[in-house]
Amino acid sequence: MIQFLKDSTFAVNEVINKSWDLLRQHYFSVAGLCFLLFLTSNTSGILAFYLNEVSPFLSAFMAFLFVILYFGIQLALFKYIFQLIDGKDHVRLQETIPTTRELVYFFAAMCCIAAIALVFYFIISLLGFPLVYAGVDITVLVDITRVIAAVLIFLFLLRVAFYPFFIIDRHAGPWRAVKLSFALTKGNITKLLLILVFFAILHLLYIYFNYSGYPIVSTALSVINSFLVGPLSSVVVAMAYRDMMMHYQGGEDPKVTENII
């Protein structure tokens with residue numbers, strides 16, 4: 001187990017180092033796309049606040065457009081990073097814009113994942129319900145059910161988080177992209193958790209110093225998170241996908257039951 005953790009840590013360090021080298025060479029282009037994501041997110045929130053007082057229907061319509069725009073830019077960012085990883089220095093904007101089919105596949109897979117997560121929660125709730133007749137307090141039971149469901153759903157979401165890459169990189173359909181992500185992450189959960197911990201540390205430090213009354217430190221961490229951690233995390237995720245694909249030995253249409261553990 002210790003050797004496995006050492007190997008996983010080394011693999012994560014290698015991915016982060018390669019991502020840092022790539023980001024240094026193309027920082028302004030990657031950070032520029034991340035800044036577009038930031039602007040889109042904040043602009044949509046501001047417009048939703050003001051348009052809600054004018055017309056709820058207009059507010060909902062604009063929210064729909066901004067969701068498409070936000071995730072469209074996100075997919076374009078990953079397409080751009082993939083081309084940089086592949087060694088293409090001069091990338092045209094037209095080559096990174098996601099197609100209508102890719103956007104449709106992306107949202108279809110997202111809806112599929114959300115439906116599965118709800119089914120998970122429903123099943124766990126049903127399995128825990130008989131404990132009420134064993135004298136377990138209903139409030140305690142609900143809390144336990146929520147914790148178990150949250151952990152399982154988090155692990156499930158971590159397993160299927162790479163589905164957008166299969167849509168834009170392998171042109172897979174929604175359900176096949178989900179299955180491929182599930183198969184790809186088999187045996188790589190430790191590495192993915194280490195990557196999450198790496199990026200979560202600075203965010204947790206920002207929250208801590210912000211609520212502890214250290215505005216200068218929290219502001220500095222906010223700037224670092226916005227202009228460094230954000231772009232770097234995008235590159236790291238794309239690099240991790242390519243790294244795992246190099247060692248992937250599964251088929252093009254894997255079965256979910258064969259990749260659960």
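Tutor: A salt bridge is counted where a side-chain nitrogen of Lys or Arg lies within 4 Å of a carboxyl oxygen of Asp or Glu. The model is a predicted one, in which local features need pLDDT of at least 70 and side-chain atom pairs count only at pLDDT 80 or more, while totals for chains, interfaces and linings use all residues. Residues are numbered from 1 along each chain as its sequence is written, and side-chain values use heavy atoms, with hydrogens and water left out.

By this rule there are nine salt bridges. A network of them links Asp86, Asp169, Arg170, Arg176, Arg242 and Glu252.

Because aspartate 169 belongs to helix 6 and arginine 242 to helix 9, the pair ties together parts that are 73 residues apart in sequence. Helices here are DSSP runs (H or I, at least four residues), numbered from the N terminus. Aspartate 169 is partly exposed at 23% relative accessibility, whereas arginine 242 is buried at 16%. For these terms, buried means under 20% relative accessible area, exposed means over 50%, and partly exposed lies in between, with a 1.4 Å probe and protein chains only.

Arginine 170 forms a salt bridge with glutamate 252, where the closest N and O atoms are 3.5 Å apart. This pair also links distant parts of the chain, 82 residues apart: arginine 170 is in the loop between helix 6 and helix 7 (174-184), and glutamate 252 is in the segment after helix 9. Both partners count as partly exposed, arginine 170 at 34% relative accessibility and glutamate 252 at 46%.

A further salt bridge joins the side chains of lysine 88 and glutamate 95, at 2.9 Å from N to O. Lysine 88 is partly exposed, with a relative accessible area of 34%, and glutamate 95 is partly exposed as well, at 25%.

Helix 6 (163-169) and helix 9 (215-246), which hold the partners aspartate 169 and arginine 242, are also among the elements that give two or more residues to the lining of the largest pocket.
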